[in-house]
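I opened a new page in my notebook for this one. Come and read along as I look things up.

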Amino acid sequence: SNPLHRQVHQDMQQPLCHYFIASSHNTYLSGDQLLSQSRADMYARVLQAGCRCVEVDCWDGPDGEPVVHHGYTLTSKILFRDVAETINKYAFLKNEFPVILSIENHCSIQQQKKIAQYLKEIFGDKLDLSSVSTGDPRQLPSPQDLKGKILVKV
């Protein structure tokens, strides 16, 4: 592939809502939505390919450990912790712009607390904890302001 295609050629100082964001749906699936394997390494693949928004479907798992899988199907389950660690490792290898975790939350309060704990532990300073008022999208920070940050959308 042409390395010039990986360079950004536009103003990245506008509010985040002014941009199209490369997103991945059911990121964790290696195949179809009913029977396939859920794999943490799928996050590594899409992040390195340029995706900046990845989907994480969270469900209550055994032993108080939240899992990621496509609900009400026969897809396999992976630990939320493994997904977060993979995202942390690969989020900014090829691209400094922010990564949005689109979390689909089906967890009990107890396992939501575990997810929050993992987000803070694993991402540390990369986790953007600033609260944004959604009243006026023009007030959103820019991709430039958010370089190296992980955003959570639930």
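**Entry 1: around D57**

I began by listing what D57 touches, leaving out residues up to four places away in sequence: N26, Y28, V67, V68, H69, H70 and E104. Contact here stands for heavy atoms within 4.5 Å. Before going on, I noted that this is a predicted model, in which local features need pLDDT of at least 70 and side-chain atom pairs count only at pLDDT 80 or more, while totals for chains, interfaces and linings use all residues. I also noted that residues are numbered from 1 along each chain as its sequence is written, and that side-chain values use heavy atoms, with hydrogens and water left out.

I found D57 in strand β2; helices (H or I, at least four residues) and strands (E, at least two) are DSSP runs, numbered from the N terminus. Is D57 buried or exposed? D57 is buried, at a relative accessible area of 2%. The words have cut-offs: buried is under 20% relative accessible area, exposed is over 50%, and partly exposed is in between, using a 1.4 Å probe and protein chains only.

The side chain of D57 has a polar contact with the side chain of Y28, at 2.5 Å. A polar contact is a pair of N or O atoms within 3.5 Å; within protein, one must be able to donate a hydrogen and the other to accept it, and residues adjacent in sequence count only if both atoms are side-chain atoms. I also looked up G71, 14 residues from D57 along the chain, and the two C-alpha atoms are 7.7 Å apart.

**Entry 2: the loop between β1 and α1**

N26, one of the residues that D57 touches, sits in the loop between β1 and α1 (41-48). Its phi is near 50 degrees, a positive value in a residue other than glycine. N26 is buried, with 6% relative accessible area.

T27 belongs to the loop between β1 and α1, and T27 is buried at 3%. Its side chain makes a polar contact with that of S24, at 2.8 Å. Beyond four places in sequence, T27 contacts M42, Y43, V46, V54 and E55.

**Entry 3: D63**

Where does D63 lie? I found D63 in the loop between β2 (53-59) and β3 (67-68). D63 has a phi near 55 degrees, positive in a residue other than glycine, and is exposed at 75% relative accessible area.

**Entry 4: confidence**

The protein averages a pLDDT (the predictor's confidence in each residue, from 0 to 100) of 89, and 92% of the residues score at least 70.
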